[in-house]
Every structure is written in structure tokens, then in C-alpha cells.
Number of protein chains: 2
Amino acid sequence: MSKVLVFGHKNPDTDSITAAIAYAHLKQQLGMEAEAVRLGEVNDETAYALEKFGFEAPRLVKNVAGETDGVILVDHNEFQQSADDIADVKILEVVDHHRIANFETADPLYYRAEPVGCTATILNKLYKENDVEIPANVAGLMLSAIISDSLLFKSPTFTGEDRKAADELAEIAGVDAEEYGLAMLKAGADLSKKTLEELVNMDAKEFEMGGKKVVIAQVNTVDINDVLSRKKELEDLLYRVIAERELGLYMLAITDILNNDSTVLVLGSESQAACGAFNVPLEDNLAVLKGIVSRKKQIVPVLTEALAK
Amino acid sequence: MSKVLVFGHKNPDTDSITAAIAYAHLKQQLGMEAEAVRLGEVNDETAYALEKFGFEAPRLVKNVAGETDGVILVDHNEFQQSADDIADVKILEVVDHHRIANFETADPLYYRAEPVGCTATILNKLYKENDVEIPANVAGLMLSAIISDSLLFKSPTFTGEDRKAADELAEIAGVDAEEYGLAMLKAGADLSKKTLEELVNMDAKEFEMGGKKVVIAQVNTVDINDVLSRKKELEDLLYRVIAERELGLYMLAITDILNNDSTVLVLGSESQAACGAFNVPLEDNLAVLKGIVSRKKQIVPVLTEALAK
């Protein structure tokens, strides 16, 4: 078999980029010819982590079927979040921590999902199960992923298993997780210089809910006005996206990483249903979701149920 | 949360019944209130194994949403093979060794699939990972599942990991795997006294392939004439099933467990395409698939690809 490509989701976040690097490294140690690649641009937070631990960004790919017949997915499984031609290749393995949807294979595979806060937490177990030591710089990347996915250990997705993994990885990497983590989050949270297109594509994921296409994007910031000061232009852009992609809902969650609330810009035919699901009023296309920081655990399940009705 | 129900697929085979018992036992040891149940009748082979190791059959259920809000699936994931109301309950975990298809959740879950020959082989690992000892009688059931799924270690689905697990489990159970295994297979292979309905429902699984509904049933025998002597009545019955359930294909694989070939009765609009995929002629609705004993590894992938065209 040709080289196996290992990659996370489109619009990759720190977990998707670093899980690809960390799992490709493990598979290489186990004798597989594996290469970490990425399906999109590296964001500022991830760039900070890669530089800190001395890594180049993985190679950017758009399609995968042309160069391999075997792939490993990390940090995602839904086909619309994966490579455009994912249905044309054999999926050998998945390591993930999300719900399972719009995913199927013709053959049995290795699928390891756990309801934890970060793919890195599962990879930490897989290194142990395979008796492979985690190099200090790879441990640093894995720690970065846990910090990113948990907003420095504060998200409700953060479990005791993530805590244990973070402590072990910080020890191996030799960094102070709190100090390094805040610096990394801040590096990714300066939105003032982002173009509108960059903003909405930083971390946008598409879902299918109740037969409708839904996009939920999320940005982290220390000042939501970096985004809201451009609300009118954002709406113009997103209404066009909704029309072009025939979306029933576009939700942009602007998450304040200091107070852990999210302000959501909600557009599309399902916007009232969406806000109804959270019992909050939608005013001027905006709503405030107090204490909500996790798309996966606090937004996707609520919307999935509401739109199924 | 109410009691968690653990079950395998409809038309349960030995792996589905015993995996439910073995995994429910493990979860109980870990503090979960779990009960093994089953979605269909216990076949003769499984009954032999249960009696040998001193177990009652798990409780029969049809629907699950009425009595629990959390379930664990073993040995399957495709919804059409699961409880009729599977979409109405929360799937907490899946432990399986099949392809993934027609499966989705709203929330993250624990999903453990490995491309091995038997669920019991994965359960053997999970007992170790959780530091729980396998009781001798549970080990006997798990060994029975590996023998059943591998046709006494001869199926191409049988991997080195299954071999290792079978050896460990035989040791714990204190049985001679070859001797016990042949007796168990023979107990399940006497088809002469089965009614037609029993025959076709012993191990029938439904799939969706290329937008068409397909049923692939399999029976093991030491004399294929126990089945073929009733071919005309079988066809009458299966044509009615095809019409009622709007199937594109019904394939009944009659597997000779002594010479490891399967004779297939193939009916439905896709029957020519199905036999074309195997490069064998279809004569009088019958074809012989030499060396083919595994639905999962040797039949489903071939048909999935052929019907997708």
C-alpha cells in the first residue's frame, strides 16, 4: 500500500493539526509509512504551538485519492468535514471524540472514539497501549490541543481523563500549562486584523440536522467587539453563504475566553427555532448564550434535537 | 439513569449473545447497572454454548426506549440490524468489529471497533485495560464466539489477535478449543429439522447498498442438501419477502463448514449483478462461491462495490 495520509477536519483547529502529527508519529514508530497532512490553513493559535515546539505545519492537501488508497482520520468523522474525495479512499482508522454522523465504510476498520474533550487525550492512551514513548515536542503539541479544546481547562467538555492527560503531557513537555496555555490562546484570539472571510472560515463546521444543512462557526476572542463592530458586513457575507450553500441555519459563536460566554450571530430560516431551543431571545440577529463555550457539547446536541422536530 | 441495556444484533448469533453477556458483566464490575438482553431467538449453536457454560439466555426484548434511556451496542452498529426504536435512545457505547454504516448519534460516545474476527477478541482487551478478571464461564462464552465467527479458526476474518484471544480464553475456561468447537458448530449445523422460516431467519442481516435494500442470510451446515432439498419452497418464501420488504437482492449463503465453500441462493432484481461481482455463473438461482465463508469480509464488500455502480 502507498503512504497512509493522516489528517483532521477542514478549517483545522489545534487538535486537528497536532493530532495528525502525533498519530502519524506513533504509526511511524509502529512501522507504518504515514504522513500528517492538513485540509486547510493553520490558524494563529496553532501556528504559535507549532513554533513553540519546533514543528513545521503539515503539508496542505485538498484531495487525497490521487496519492494514496488509505487514510486515517483524526478529530472528525463526518464526511462533509473531511477531504472532498473521502468517499473514494479506504478509511483505515478513525481516532475521534465527536458524535458519529454521515460516516460509513464498506469494510471493517479500527475506530476509536471516546467522549473526552480532545483527541490528544485518546492519543495519549494509544501511545501507552502500544508502549511507545511520546517525544517531548510531540507531548507539547498534544498538550496544546487539550488547552485549545478546553479553553484552558474550563470547557464542560473537559473531563477527568483530559486533566490526567494534560498533567502527564505538561510533565513530558516540560512546560507550565497555565502560563503557556494563556499565551497560546491569546495568540489565537486577536481577531482585530482578520478579514471577514478569515473570521467566518477560522473554525466553521457543517452539519446535517433534520434534513437541513447547518453551519456552526466559532471564534475565540478576548473582546467580542473585534467581531461585532463589523456585524453589518458579516451579515452581508453570511447571507450570501446561506444562499449559495442552501443552508437552513448559519450560527457564528463569538466566544469570550475570559468570561466563558458566547454571543451568537444567527441567520437563516431556522434562526428562530435555534434560539428557541436555547430559550433566549434573538434580537437584531444576536443572542447571548451564558456559560456556553462548547459547540460539540452545548450547541450541536441542542440544535440537532430542535431541528429534528 | 435507568439500567443500561447491552445487546447484539437482530437474529443474534453466538457472538451477539455472548458479547452482550460478557460486556454487561464487565460494566457491572465497573459499577454500571447493566443488563444483557437479546433482540431475537437463540440459535442451536448458541444454546449449546450457553448450556455448556451454565448460562440462561438473556431476556428477549423488542423495543428498548420504554425501559431505558441508555444502551450499549455490541457486535453491530447499523440501525436496521438493531432494536426497532434504536433512534429513540441514547447510544452510550458501541463495541464492534464490522463496517460502520447507517449509524449516527447526536452526542459523542465511546466507540470501539477493530478489524478483527470477533467482538469477543476486543472484549478480551477491554477486560485487561480495565484490570478486571474474566470468570471461567464468561471466558467459555467468549471462546465460543470466536469459534463461531471463525468457523473453528478457518475463516479469513480470523486474525492473529483472535488466535491470541482464543488461546487465552480456552486456558481460562479450561476447555479444549478444537474438540469443544467442533461439537458446538455441529450442534448449530443440523438444519434438517428447521422450518423454512427458521432457516432464513437464523442469521439474516439487512444492508443498504447503492440505494437498494439487500438481505444477506447465512446458514452453516455439514450437508447443503438439508437446505437445497427444499429449494422450491425456499424460493416461494423469499420472493414474498423481497416483495414485502422491497428488496433489491436476497442472498442466502449455505456454508459447508467441513469444506469451507458456500452455495448461494440469489434472488431479486440485482441477482445478476451480484453474481457478476463474484465472476460466477448464476444457474437456476444458485451459484457456488469457492472458499467463501465470511459474509463480512468476502461478501458484503464485494456486493457493496458492485451495487454502487
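**Close-up views of the sheet and a helix pair**

**View 1. Where E6(A) meets E6(B).** Strand E6 (residues 110-113) of chain A and strand E6 (residues 110-113) of chain B run antiparallel and are joined by three bridges. Ala113(A) sits opposite Tyr111(B) in E6(B). This is a predicted model, where local features need pLDDT of at least 70 and side-chain atom pairs pLDDT 80 or more, while totals for chains, interfaces and linings use all residues. Residues are numbered from 1 along each chain as its sequence is written, chains are lettered from A and ligands numbered from 1 in the order written, and side-chain values use heavy atoms, leaving out hydrogens and water.

**View 2. The open sheet of 12 strands.** Its order is E3(A)-E2(A)-E1(A)-E4(A)-E5(A)-E6(A)-E6(B)-E5(B)-E4(B)-E1(B)-E2(B)-E3(B), with mixed pairing (strands, E, are DSSP runs of at least two residues, and helices, H or I, of at least four, numbered from the N terminus; two strands pair if DSSP finds at least two bridges between them). At the edges, strand E3 (59-60) of chain A and strand E3 (59-60) of chain B each pair on one side only.

**View 3. H2(B) packed with H6(B).** Helix H2 (residues 44-52) of chain B and helix H6 (residues 177-189) of chain B have axes 6 Å apart, at an angle of about 135 degrees (axes are lines fitted to C-alpha atoms, for helices over the stretch in contact; angles run from 0 to 180 degrees between N-to-C directions). H2(B) and H6(B) are therefore oblique to each other (under 35 degrees is roughly parallel, over 145 roughly antiparallel, 65 to 115 roughly perpendicular, the rest oblique).
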